[in-house]
Amino acid sequence: MPSEMLIKIFSYLDAVSLLSVGCVNRHFYHLANDNGIWLKIYSSCFQPKKTIWKMKSEQTETVSLGCAALHDRKPGYWKKEYIFKQIALVKTRVMQLVKPVDPYTGLPCKNKEAMKASGLSWIIVLKDKNGKEHVMEEANLSFKDTSVTILWYSTDWPCLDILSTLKLFGVIPLLPDQSRAHSKNGPRHRSLIAEYHLSNLTERSVEVGADKLVRLFCLNSGLVVALWKAKNEIAFVMTSLHYHQLFERSTLGSATVKYALPPHKPLLDDVDPEYGLHDYSVHLDMHGRSCTYLCGTFKSLSCRKGRVDEYLKLTAVSLKDNTKHLPLIGTPGLSWETGGNNLFCLCFAPVCMVLSSKTSGLYDYMGRIYTTDYADSEGKVCVELVWLEETKEYFIVNLVLYVSTKKVNDWFGTNY
């Protein structure tokens, strides 16, 4: 078919379809870069500002846009201009949405709306030992004050024995369009968030829970893998991402390289380091996928500098002060289907409750004691709960945050 006829056919396509056609072969790519087609798309989307009192200048602008803009520009010029301007509009819209900040969490209030405006979504790519890739689109999203939980579930996934790696990507459409649903087959940008090696998963990973049918394994960066015991098949994969730096990690990386955070410059603090940490806030969000058990902010936390240790201790709920003990709403667990203003330490990961061997010595609470602990390179969180059989509820009686001394020194440029 002559090139002139193909260009005529391409002129009836929208921007997304035109970009897809350009991926067929090299000949189609050059034809789909035609400035005449893209100038028409650009003009229909971005109308020049009209001026009533300067009609002649407007007519001159239209002529130059129709003639000089076509012949004096390299092929693909108006295609790039259209794409860049569309991306700039989306970024502006997103930045306006994330400006309002929650005074309790220190995070944007409208993260859900910002993600919808950008078209951001997440996928996982399972790669087997033969090099074949299995792409799993997101199945379910659950938004909380400080995080978003992404859930994929299926019983039709490849068997774990043949899988080698799992990659988590943030995906954003190249041309977000608010007037229609985003096409999975349209041009999209992938940003690598995390990569996991699945070989010897059961030996190398931490098992955080199990029942008669399912075993739960926790991988780094908040990824939970559930396996059917009978066939050793993946039932679902769930990961939780903190809103802090969420857009950067999900959009600014490439398909092969993760986004690297910019180097941090220590904050100036003229307070004597011997005084220790003071007047800090901790925001705690304990939740399952679809329900919240506790969401609270603990203020005016402090830690005096004592002996040199690996961690600095911040106590949010004390065992001795029963006026600050908190009840949990509901019974924590997983439902099955077929992290203040000073954000220098953020921790978000799945945890498990373990029955303690000791019994409660508190006069107000006579029940079983459970502990929930989490630790990584930046710190650890220790929670102690008491189960009250009479009221069928848990009470948090002890909550302590341990911040890595090295992390504090690097962040504030001090020497604790």
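Student: How many disulfides does the structure hold?

Tutor: A disulfide is a covalent bond between the sulfur atoms of two cysteines. Here, in a predicted model, there are zero disulfides, the criterion being a pair of cysteine sulfur atoms within 2.5 Å. In this model, local features need pLDDT of at least 70, side-chain atom pairs count only at pLDDT 80 or more, and totals for chains, interfaces and linings use all residues. Residues are numbered from 1 along each chain as its sequence is written, and side-chain values use heavy atoms, without hydrogens and water.

Student: Is Cys109 buried, exposed or partly exposed?

Tutor: Buried means under 20% relative accessible area, exposed over 50%, and partly exposed in between (1.4 Å probe, protein chains only). Cys109 is partly exposed, at 45%; Cys159 is partly exposed, at 25%.

Student: Which residues touch the most other members of the largest nonpolar core?

Tutor: In soluble globular proteins, nonpolar side chains tend to be buried together. A nonpolar core is a set of buried Ala, Val, Leu, Ile, Met, Phe, Trp, Tyr and Cys residues joined through side-chain atoms within 4.5 Å. The largest has 36 residues, of which Trp122, Ile124, Trp152, Leu166 and Leu241 touch the most other members. Apart from it lies another core, of 23 residues, including Leu284 and Tyr370.

Student: Where is Thr165 found?

Tutor: Strands are DSSP runs of E, at least two residues, and helices are runs of H or I, at least four, numbered from the N terminus. Thr165 belongs to strand 5 (residues 163–173) and is buried, with a relative accessible area of 11%.
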